[in-house]
Amino acid sequence: MKKNNSSDLLQFTSKGIWCKQADIFIDPWKPVKKAMITHGHADHSRWGNDSYLATASAAPVIKYRLGDIKLQTIEFGEKININGVQFSFHPAGHILGSAQIRVEYKGEVWVASGDYKLEDDGFAEPFELVKCNAFITESTFGLPVYDWRPQAEIFDDINTWWRKNSVDKKVTFITGYSLGKAQRILDNLDTSIGKIYTHGAVENVNEVIRAQGVKLPNTIRVTKEIPPKDYLGNLVLAPPSALNSAWMKKFKPISIGIASGWMTLRGARRRKAAERGFVLSDHVDWKDLNRAIKETGAEKVIVTHGYTSTYTKYLKEQGLEAYAAETEFTGESIDADDTTKEEKEKV
Amino acid sequence: MKNFAYLFTQLDQTTKTLKKVAALVDYFGKVEDKDRMWAMAILSHRRPKRTVKTSLMRQWAAELANVPLWLFEESYHVVGDLAETIALVLPPPSMEHNKTLTEWIEVVKSLNKKEDEYKKEVVINAWAGMTYNERFVFNKLITGGFRVGVSQKLMMRALSQYEGQEEKSIAHRLMGNWTPDTTTYEELIRSENPLDDISRPYPFYLAYALEGEPEKLGSPNDWQIERKWDGIRGQLIVREGNLFVWSRGEELVTDKFPEYHPLADLLPDGTVIDGEILPFRDGKPLSFNILQTRIGRKNITKKILGAAPVILMAYDLLEHEGKDLRTTPLQERRRLLEKILEENNTDGIIILSEVLEFKNWESAAAERENSRQHLSEGLMVKKQDSEYRSGRKKGDWWKWKIEPLTIDAVMLYAQQGHGRRANLYTDYTFAVWDDENLVPFTKAYSGLTDKEFNKITAWVRKNTKEKFGPVRSVNPELVFEIAFEGINVSSRHKSGVALRFPRMLRWRTDKKAKEANTLEDLKKMLELYG
């Protein structure tokens with residue numbers, strides 16, 4: 001599986017992606033001295049490191065989630081030098097503040113892309129193509145069955161669905177990860193249809209993001225004090241963990257939708273018993289994954305998170321040097337949730 | 001086709017029966033008779049004969065998607081449905097077709113026995129003018145397996161609403177051997193006399209499992225109690241000198257059971273008997289395994305007939321002298337059944353199911369415990385005055401099965417499921433200990449909750465030893481209690497045993513792998529119950 005070469009600029013170790021020359025780790029899953037963090041999702045941003053470096057727009061959420069940590073920020077494109085290695089962060093288009101980390105040493109360039117997508121969603125800083133020799137890529141949706149439609153079409157569907165529910169005096173209940181997906185949805189809802197209510201886990205992130213000067217539509221935190229009839233015709237935005245929870249029971253009559261790349265699969269849709277599955281993802285689909293890899297010009301590709309072995313095999317057939325790297329986390333899955341335990345308990 | 005694809009989307013988007021029925025009624029009202037007829041056929045598993053091999057469809061889809069075939073296959077493992085996988089990988093449509101469902105079915109049928117190249121041209125052209133949902137439905141027409149969460153019951157309810165006919169009458173009309181090619185909608189649904197098809201069976205009445213104590217049923221005297229036999233439920237029809245045998249799966253199986261053929265002459269016309277197709281020799285039933293050896297065979301040879309002879313264990317009489325008896329009380333139907341079998345010598349082909357008499361439920365329960373000795377699955381409890389209803393209904397008939405046999409086993413392999421279980425590891429292979437070795441002896445894939453499957457799936461991902469396509473071998477750590485109805489010798493399995501209807505009773509999180517049962521334990525069960 002892991003074919004680490006000790007001369008590689010970036011190596012996969014039991015703690016994370018390591019740059020030996022600079023002795024820093026990218027998205028380490030075990031505590032290290034110096035960590036560079038691509039973005040605030042729990043499988044990339046872990047607690048316990050001595051120091052953190054992240055982009056200025058990703059930092060507030062990372063701090064909010066990890067609490068009292070030593071965090072320095074960096075601007076996109078800003079270069080820093082550590083023991084002869086040049087590091088810079090470049091937009092990954094995944095969520096607000098998410099970065100690919102470019103690492104250059106003696107003319108060789110590696111890019112650890114974290115999670116990314118090519119489509120400009122109008123909310124996250126749009127993906128920037130970074131030419132490199134070696135590209136570390138996710139493969140969360142690395143199969144040809146995953147093919148995203150432009151988000152405008154998806155949001156059209158979502159708003160049409162909400163509008164219909166609103167006429168029928170139903171509660172429109174939609175789920176998406178509380179960090180990233182939720183704000184992307186908010187940014188695209190047609191607020192003329194009705195009010196938007198939010199689950200605590202979503203609203204907490206909203207507050208952090210508003211505080212950094214980013215505009216989001218008005219939302220109302222769901223509380224016990226709100227009479228259930230107030231939700232009728234309006235929309236409730238919640239993390240996936242809220243599905244079929246006791247918390248959800250107060251919304252009725254209800255129409256449930258899930259916004260996720262996994263909604264591509266009919267089986268997943270049926271298993272979740274969602275009325276509507278909206279195929280909306282913050283990861284690259286098959287065609288964009290291949291496009292990104294091609295355009296980086298990388299001759300070497302390291303595949304993490306997702307269909308690693310399958311996708312690696314495919315890349316090799318395409319004539320690239322590719323291998324699958326094991327990480328502590330296998331990334332998103334159909335049943336995953338980004339809401340931390342603490343956040344769930346807070347609600 | 002657009003209407004049918006829309007119907008499919010509507011059905012797929014809801015789990016509420018009311019909405020499903022409404023979507024069906026809406027569809028029935030929108031389309032022509034012929035399309036309505038085909039939709040009914042498809043929803044009652046009467047799809048047209050397969051004219052294109054799925055292996056070809058996979059190739060063409062991979063080619064159009066510009067991906068290697070192996071990658072298409074990997075994707076299929078993940079998606080868990082071939083028609084869906086194809087629809088997902090195809091490039092966007094380049095034109096728009098406007099054919100009806102019937103017209104597309106004609107296209108599919110016209111491909112029979114054509115050259116592969118011609119088939120390819122037609123199918124690719126079809127795909128090129130269809131949306132995602134149309135493609136999915138079209139692929140399903142070819143591959144079959146149309147599971148859209150619409151039971152036949154719902155379809156009948158919708159049709160009865162649409163036609164303003166009683167559901168029972170619709171159910172009966174929809175039984176039998178019709179296809180849209182041989183029957184029109186008028187003939188099937190609106191003709192005066194639905195019995196003009198002499199092969200048409202009555203819908204089977206199915207019992208629910210009795211839960212809790214039988215005492216709540218009142219006095220055992222109000223109930224007819226029989227053994228529950230482990231064969232294939234069947235309906236035997238003699239009309240106008242012809243014999244028809246239907247299995248519960250609504251399959252006409254007359255040709256598969258030549259033993260019954262003399263009954264066409266031995267029984268009076270207008271006789272319909274409900275019973276069990278049961279392997280039987282020397283006055284005793286044989287194990288279901290033996291029957292299994294002849295199901296699915298195309299040619300029933302003398303050898304098979306000798307090895308797996310069947311009789312009909314008669315339970316009930318549904319038609320007598322051409323008259324539908326279903327609303328006649330059971331005790332009267334039983335009396336007539338006894339009379340017919342007394343007056344007409346059936347040469348031992350039909351055996352009357354014995355009615356057991358009990359003073360109280362305690363003695364019935366004691367007899368139920370003896371079921372395995374009789375190679376029976378337990379008892380059937382039917383209300384003396386019950387009508388013969390259609391489908392699975394609660395209240396009048398109960399099956400009171402014996403508790404299953406159980407054994408604790410270790411999970412060795414896991415495989416992803418299909419349909420709504422796609423992407424979850426739900427199909428497992430289990431093993432028991434033979435000294436220090438684990439010997440696989442059965443597979444099982446039902447009995448756990450979605451939550452448990454989620455947990456186990458996460459566990460499987462972390463504990464995979466090796467991957468073989470969709471199958472993973474896992475660290476032998478998890479223990480499950482496996483329940484099964486019977487055990488038999490098998491030369492095909494390494495363990496030497498084959499289980500009947502194995503399923504997971506529960507996940508024994510309290511047990512370590514070492515504490516699972518042994519092959520020795522299984523063999524003891526085989527001696528006792530095999």
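Which residues of helix 3 of chain B are buried? In this predicted model, they are D35(B), R36(B), M37(B), W38(B), A39(B), M40(B), A41(B), I42(B) and L43(B).

**Helix 3 of chain B**

Helix 3 covers residues 33-43 of chain B and is mostly covered, since nine of its eleven residues are buried. Those buried residues pack against five elements of chain B, namely helix 1 (2-12), helix 2 (17-30), helix 7 (101-110), helix 10 (152-163) and helix 12 (185-190). After helix 3 of chain B comes H45(B), with a positive phi near 60 degrees.

**A pair of helices in chain B**

Helix 4 (residues 54-65) and helix 6 (residues 82-89) of chain B pack with their axes 9 Å apart, at an angle of about 20 degrees. Because angles under 35 degrees count as roughly parallel, helix 4 of chain B is roughly parallel to helix 6 of chain B. Their crossing is left-handed. Helix 4 of chain B contributes T54(B), M57(B), A61(B) and A65(B) to the contact, while helix 6 of chain B contributes L82(B), I86(B) and V89(B). By type, the residues of this contact are six nonpolar, one polar and no charged.

**The sheet of chain A**

In chain A, seven strands form an open, mixed sheet in the order 7-8-9-10-11-18-19. Strand 7 (79-82) and strand 19 (321-324) of chain A are at the edges; each has a single partner strand, so one side of each lacks a neighbour in the sheet. On average, neighbouring strands of this sheet are turned by 20 degrees against each other, direction ignored. Within the sheet, strand 9 (residues 99-105) and strand 10 (residues 108-112) of chain A form an antiparallel pair over five bridges. In this part of chain A, E104(A) stands opposite V109(A) of strand 10.

| Helix of chain A | Strands of chain A touched or crossed | Angle to a strand of chain A |
|---|---|---|
| Helix 7 | strand 11, strand 18, strand 19 | about 170 degrees to strand 19 |

**Where the chains meet**

How many residues of chain A are in contact with chain B? There are 19 residues of chain A, in contact with 25 residues of chain B. Helix 5 (266-271) and helix 7 (308-317) of chain A each supply at least two residues to the side of chain A that touches chain B. Helix 5 of chain A gives the most, with five residues. The residues on this side of chain A comprise eight nonpolar, four polar and seven charged.

Methods:
Residues are numbered from 1 along each chain as its sequence is written. Chains are lettered from A and ligands numbered from 1 in the order in which they are written. This is a predicted model: local features need pLDDT of at least 70, side-chain atom pairs count only at pLDDT 80 or more; totals for chains, interfaces and linings use all residues. Two residues are in contact if their C-beta atoms, placed from the backbone, lie within 7 Å. Helices (H or I, at least four residues) and strands (E, at least two) are DSSP runs, numbered from the N terminus. Ala, Val, Leu, Ile, Met, Phe, Trp, Tyr, Cys and Pro count as nonpolar, Asp, Glu, Lys and Arg as charged, and the others, Gly among them, as polar. A residue is buried if 20 or more other C-beta atoms lie within 10 Å of its own, exposed if 12 or fewer, and partly exposed in between; C-beta atoms are placed from the backbone. Two strands pair if DSSP finds at least two bridges between them. Axes are lines fitted to C-alpha atoms, for helices over the stretch in contact, and angles run from 0 to 180 degrees between N-to-C directions. Angles under 35 degrees count as roughly parallel, over 145 as roughly antiparallel, 65 to 115 as roughly perpendicular and the rest as oblique. A crossing is left-handed if the near helix is turned anticlockwise from the far one by less than a right angle, and right-handed if clockwise.
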